[in-house]
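Hi there,

Here is the structure I promised to pass on to you. Have a look at it first, and then read my notes below.

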Amino acid sequence: MLTWKDIINFSVKGNPTPDKRVEKSEAEWRAQLTPEQFRITRQKGTERAHSGALCTTYDEGQYNCVCCDTPLFDSTIKFSSGTGWPSFTQPIKENAIKYEKDSTFGMVRVEVMCNTCDAHLGHVFPDGPEPSGLRYCINSESMVLDKEIAE
Ligand SMILES: [Zn+2]
């Protein structure tokens, strides 16, 4: 299980190696994604709180990257944080997510990205529920819920 200490280590010393890499040009991403998905995942945007389709969904399944379909989170580690964004306590696999220090907007935060294609997903904070204490705060627009996998 990852803890805040691991997250800081990844952001300072380097991220775990992903199983594979997906790299596309900006034009290819733009053609594949909706304008809102493109703005969030490829231009580090944020959707408005409580606007995301996956925010209040607790159906069983796996949350995949909207850009490259890599599994990122699953419904068993989703929790209701009250923030207005889908929230998770752990990634589905240790090397699924990439972490980077983000000092924009006068705050120091840890940005989380898809480790396969570098899609911006959201941020992770050290104020989540026990035992990990982590809260991955993720944009709905950056994920697709695959319900088939739960069966
Ligand atoms: Zn991806």
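Two of them bring distant parts of the chain together: Cys65 lies in strand S1 (residues 62–65) and Cys114 in strand S6 (residues 109–114), 49 residues apart. Strands here are DSSP runs of E with at least two residues, and helices are runs of H or I with at least four, numbered from the N terminus.

A word on the source: this is a predicted model, where local features need pLDDT of at least 70 and side-chain atom pairs count only at pLDDT 80 or more, while totals for chains, interfaces and linings use all residues. Residues are numbered from 1 along each chain as its sequence is written, and side-chain values use heavy atoms, with hydrogens and water left out.

Which atoms hold the zinc ion? They are the SG atoms of Cys65, Cys68, Cys114 and Cys117, at 2.3 to 2.4 Å. Donors are N, O and S atoms within 2.8 Å of the metal (3.2 Å for Na, K and Ca); water is not among the atoms, so sites may look incomplete. Cys65 and Cys114 are both buried (under 20% relative accessible area, with a 1.4 Å probe and protein chains only).

Now for the sheet. Its six strands run in the order S3-S4-S8-S7-S6-S5, forming an open sheet with antiparallel pairing. Two strands pair if DSSP finds at least two bridges between them. At the edges are S3 (78–79) and S5 (97–102), each pairing on one side only. S5 and S6 share six bridges, and Tyr99 sits opposite Val112 in S6.

Enjoy exploring!

Methods:
Buried means under 20% relative accessible area, exposed over 50%, partly exposed in between (1.4 Å probe, protein chains only).
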